[in-house]
Amino acid sequence: MPARESVLQAIAYVVNTPDDMDMITDKLTDAKESEDQEGVDIAEVDQAIQALDRGDMPQVRLLLEQSIGARADLSGLDVRHVLQVAPGGSTVSLATGEQPGTLIVTDELTGRGPWSGTDSALIGIAVAAAAAGVLLGWRFRPAHSVHTLRHQAAVASRSADQKVGG
């Protein structure tokens with residue numbers, strides 16, 4: 001396996017399961033022992049292993065991302081659209097198949113937390129408003145439905161036609 005893939009997998013473990021030190025260490029060891037180390041700065045992988053031993057997970061992630069050249073855009077400039085080809089380039093290689101398509105692994109999203117009293121109050125208010133709407137709709141409904149009014153209009157029209165024609 002290429003060292004780059006092992007580093008990407010190690011970053012995923014750091015982000016998603018930072019307590020799984022064995023898997024992170026295995027992936028970093030695989031990256032160091034890989035025959036295909038193209039695109040990976042092994043010196044930064046070594047620094048990441050040292051940071052892992054210290055338990056400094058943010059530093060581990062930063063070093064691993066730097067080792068494969070992943071950096072956030074801090075220039076503040078407008079970033080070209082992904083499909084715009086760089087000057088002199090003829091094609092844009094997009095991710096296909098099992099390729100990740102990115103070098104950045106985002107932090108996991110935090111949940112909203114357990115059900116609270118405020119949640120219960122809001123649900124209660126919503127149910128009360130819906131019940132009030134149904135009650136008011138039933139109370140102030142018209143005396144005749146649209147179907148009844150159309151039927152009465154059709155009967156009146158027929159009787160008028162019969163008086164004129166007959």
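The model is predicted, so local features are given for pLDDT of at least 70 and side-chain atom pairs for pLDDT 80 or more, while totals for chains, interfaces and linings use all residues. Numbering starts from 1 along each chain as its sequence is written, and side-chain values rest on heavy atoms, without hydrogens and water.

Helices here are DSSP runs of H or I with at least four residues, numbered from the N terminus.

We turn next to α2 and α3. Their axes, lines fitted to C-alpha atoms over the stretch in contact, come within 10 Å and cross at roughly 160 degrees. The two helices are therefore roughly antiparallel, a term for angles over 145 degrees. On the α2 side, M21, I24, T25, L28, A31 and K32 meet I42, V45, D46, I49 and L52 of α3. Of these residues, 8 are nonpolar, 1 is polar and 2 are charged, with Ala, Val, Leu, Ile, Met, Phe, Trp, Tyr, Cys and Pro counted as nonpolar, Asp, Glu, Lys and Arg as charged, and the others, Gly among them, as polar.

L28, in helix α2, counts as buried because its relative accessibility is 0%. Leaving aside neighbours within four places in sequence, L28 is in contact with A10, V45, I49, L52 and L64. The C-alpha atoms of L28 and V7 are 6.4 Å apart, although 21 residues separate them along the chain.

Methods. Axes fitted to C-alpha atoms, helices over the stretch in contact; angles between N-to-C directions. Parallel < 35°, antiparallel > 145°, perpendicular 65-115°, else oblique. Contact = heavy atoms within 4.5 Å. Buried < 20%, exposed > 50% of the residue type's maximum accessible area, 1.4 Å probe, protein only.
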